[in-house]
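Have the structure open as you read.

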Amino acid sequence: MLGTLENSIRVRPISSELSILGNCDGSARVKQGNSSVMVGIWGPVEVKQSKEDPEKCVIETTVKGATGQGSPLDKMYEEAVRQTCEQVVITSAHPRTCIQVIVQVESEDGAILAVMKNALCLALMDAGLPMRSMFAGVSCAQQENEELMWDPTAEEEEESTAQYTFVYENSRNNVIYVHCTGESTVEQYMLALQKSRQVATEVFGFYRESFEKLLRKDVKFQMLLPPIIKGEILEEPE
Amino acid sequence: MADDFKIAQPKQYQRLFLKDEIRPDGRALTGCREVKIHVNAVSSALGSAMVCYGNTRVIAGIKGRFAEPTINNPNSGYLIPNMILPMTCNTKYRPGYPDDAGVAMSNKLNTLITDITDLMELCVVPGKVVWSLNLDVVCINDDGNVLDAAVLALSAALNNTWLPATRVMEETGRVLVDPEGERSRLELKFIPIAVTLSVFDDKTLPDPSEDEENIQSGSVTCCIDDQSKIRAMWSSANLSDDVISAALVYVQKRASVLLSVLRKVSKTS
């Protein structure tokens, strides 16, 4: 991470792996603390005739929880993932097709919706689908003393009075998805919305690092990337 | 001719109307459909309400039964919301297993009603028997904005729920409903009201009809309670902060109108 956040904002270490699944068109795993999510994307592929849309491609999502049978909560996550995909993927570019998104939660320890969205964005980029913008998910929990805590663990979420998840895009810096539960005032909500944007900027920096790491393995791109000396990226001379 | 145009190019059709600051069904841009609330619509339920948003019609019914509490919470009852979108309410729903939209909506209702009442109040015999309230919300006709109607129906039903008196049989220890005893009203800590705005191009249109829902680029649903606190918010639209704060102002205004309607019907019933 770049480390430009305000002192009051702390997030857990974030790491990613890209192109981990051989059979998918795009895949990614993102870990934030003990929360880990893997996303695989197939598409554009053929679609069942009953679901076909002549104007745009259909997005099918499946979310699988870390343990046990499918829970009703997974259906809500599926809806959330599909809504975000529809906002950013240029669906009109592939009419009469379908994009399949499978989200597998590997371990769950808070901020799971944000981790899902981050893994989803990396997987969509890895799949090379045309997108309007990138997006980053940020979770935060409001404690009883009205303080905000970003990237909470499951325990911190349990103790909090309100939980927010925002997804920001990076072309106009707008918010494209909000999931907020618990009790909060309008002022508290707006404050969380504005402050969380800083964390999103940090996540976009992390995306860049992840992709530089991936592309460095490819001879085609090595010339375009700044050289690494002793593991550090040199700044370009002015 | 107009119908052909609407089916072939629904977005252009909508834009033609919006250009003149009016919506296809004759409403102003910030206008809402007429809301009707009818409480105690189902006589066999402990509490019920029917809500109409224009042609959208939703019934909420609350049925109580005795259940065993969990070991961790021996004195807490249960509130189990269930949203049913039958295939007869709109052609987009298929017969068979519950629709994903319905499951997702049940989840939203569930997050909304946690903490709505003190679950300890639902205790009958500590550690043995508690009330389990099934909150069934059935959509009769889906003409858009079902979630708002469902939340309003559920709030109105919960606000008019009376629990019957109970007595314990001394010999067997069985719990029975006492039809002669005095009923007790279910006390609510807050009353949630949901307001949905549909986003089309750069406009936010409240209370979308089904045609508007089909072509929207996203929607914002905000739930505000009677103490004007935000209880939940689900948004899937590309919005700037200014638009969000403007939407919140509108939502608060609209929620207070709906709340006064709800209070009026609760009093007269």
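## The second largest cavity

Lining the second largest cavity are C32(B), Y53(B), N145(B), D148(B), A194(B), V195(B), T196(B), P206(B), D207(B), R254(B) and L258(B). Two elements of chain B, β11 (193-200) and α6 (241-268), each put two or more residues into that lining. β11(B) is the top contributor, with three. (Helices are DSSP runs of H or I with at least four residues, strands are runs of E with at least two, and both are numbered from the N terminus.)

The volume here is about 50 Å³. By class, the lining splits into six nonpolar, two polar and three charged residues.

## Ground rules

This is a predicted model: local features need pLDDT of at least 70 and side-chain atom pairs pLDDT 80 or more, while totals for chains, interfaces and linings use all residues. Residues are numbered from 1 along each chain as its sequence is written, chains are lettered from A and ligands numbered from 1 in the order written, and side-chain values use heavy atoms, with hydrogens and water left out.

On a 1 Å grid over the protein atoms alone, a cavity is a set of points where a 1.4 Å probe fits but cannot get out; a pocket is an open set with protein on both sides within 12 Å along at least five of seven lines, and lining residues have an atom within 4 Å of a point. Points are joined across faces, edges and corners, and a volume is the space filled by probe spheres set on them.

## The largest cavity

There are four cavities of 30 Å³ or more in the structure, and the largest holds about 90 Å³. It is lined by 14 residues, with V11(A), Q32(A), D151(A), V199(A) and V203(A) closest to its centre.

In chain A, α2 (112-127), β6 (135-142) and α4 (186-216) each supply at least two lining residues. β6(A) gives the most, three. The lining has eight nonpolar, four polar and two charged residues.

## The second largest pocket

Now for an open space: the second largest pocket has a volume of about 1,000 Å³. Of its 31 lining residues, E157(A), E158(A), Q163(A), T181(A) and T111(B) are the closest to the centre.

Elements giving two or more residues include β8 (162-169) and β9 (175-184) of chain A and α3 (100-113) of chain B. β9(A) gives the most, with four. The lining divides into twelve nonpolar, twelve polar and seven charged residues.

Technical notes
Ala, Val, Leu, Ile, Met, Phe, Trp, Tyr, Cys and Pro count as nonpolar, Asp, Glu, Lys and Arg as charged, and the others, Gly among them, as polar.
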